[in-house]
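Work through the exercises below with the structure open beside you. Try each task before you read its solution.

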Amino acid sequence: CVVQAWQYAHTVGKLDVSFDSNGDVTACSGRPIFPLAEASTWKDSAGNVLTLEQAGAVIAALPLNARVVAEDVATKASIDSNKATIDALTQGTIATFDVGFCL
């Protein structure tokens, strides 16, 4: 099984893997899930919050594997308290490869 989190980890997913008695993979399947912020926070290109009708139209146009999720307060607090470290890490190179890494 080969999986990835799309560009910049914009997606999460469900991965089901089956193993035999030797621990070898016998089957795998899954699907991506695209988490979205609550529609009440969506804004248009001018920065205006979308109406419920506009948000509904956006949701109707999304793929079936898109899910609107509520912000996790504990996770946001952790990110906020580590913002300086996170910002510093995003400015540098985390890893390099001497060979092509695309499958």
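**Exercise 1: The sheet**

E1 and E2 run antiparallel and are joined by 8 bridges. The model is a predicted one.

Task: Find the order of the strands in the sheet, and say which strands lie at the edges.

Solution. 
- Step 1. Recall how strands join: strands of a sheet pair through backbone hydrogen bonds, either parallel or antiparallel.
- Step 2. Read the order. The 3 strands run E1-E2-E3 and form an open sheet.
- Step 3. Check the pairing, which is mixed.
- Step 4. Pick out the edges. E1 and strand E3 (66-68) each pair on one side only.

**Exercise 2: Across the hairpin**

Task: Name the residues of E2 that face Leu-15 and Gly-13. Then describe the turn.

Solution. 
- Step 1. Start at Leu-15. Its bridge partner in E2 is Gly-30.
- Step 2. Go to Gly-13. Opposite this residue, in E2, stands Pro-32.
- Step 3. Look at the connection. E1 and E2 make a hairpin, with 5 residues between them.
- Step 4. Stop at Gly-23 in the turn, where phi is positive, about 85°. This glycine belongs to the loop between E1 and strand E2 (25-36).
- Step 5. The relative accessibility of Gly-23 is 46%, so the residue counts as partly exposed.
- Step 6. Take one distance. Gly-23 and Trp-42 are 19 residues apart along the chain, and 45 Å separates their C-alpha atoms.

**Exercise 3: A nonpolar patch**

Task: Which residues make the nonpolar surface patch, and which strand gives the largest share?

Solution. 
- Step 1. List the members: Val-3, Leu-15, Val-17, Phe-19 and Val-25.
- Step 2. Note the area, about 440 Å².
- Step 3. Find the main contributor. Strand E1 (residues 12-19) supplies the largest share, 3 residues.
- Step 4. Take Val-17 as an example. Val-17 sits in strand E1. Its relative accessible area is 30%, so Val-17 is partly exposed.

**Exercise 4: Salt bridges**

Solution. 
- Step 1. Count them. The structure holds 2 salt bridges.
- Step 2. Take one pair. The side chains of Asp-80 and Lys-76 meet at 2.7 Å, N to O.
- Step 3. Explain the spacing. Asp-80 and Lys-76 are about one helical turn apart because they are 4 residues apart in helix H2 (residues 73-81).
- Step 4. Asp-80 is partly exposed at 43% relative accessible area. Lys-76 is partly exposed at 34%.
- Step 5. Take the pair of Lys-83 and Asp-87. Their side chains form a salt bridge at 2.8 Å, N to O.
- Step 6. Explain this spacing. Lys-83 and Asp-87 are 4 residues apart in helix H3 (residues 83-91), so about one helical turn separates them.
- Step 7. Lys-83 counts as partly exposed at 48% relative accessibility. Asp-87 is partly exposed, with a relative accessible area of 33%.

Definitions and conventions
Residues are numbered from 1 along each chain as its sequence is written. This is a predicted model: local features need pLDDT of at least 70, side-chain atom pairs count only at pLDDT 80 or more; totals for chains, interfaces and linings use all residues. Side-chain values use heavy atoms; hydrogens and water are left out. Patches are made of residues with over 30% relative accessible area and no salt bridge: like charges are joined within 9 Å, nonpolar side chains (Val, Leu, Ile, Met, Phe, Trp, Tyr) within 5 Å. Accessible areas come from the Shrake-Rupley method with a 1.4 Å probe; for residues, only the protein chains shown count as cover. A salt bridge is a side-chain nitrogen of Lys or Arg within 4 Å of a carboxyl oxygen of Asp or Glu. Helices (H or I, at least four residues) and strands (E, at least two) are DSSP runs, numbered from the N terminus. Buried means under 20% relative accessible area, exposed over 50%, partly exposed in between (1.4 Å probe, protein chains only). Two strands pair if DSSP finds at least two bridges between them.
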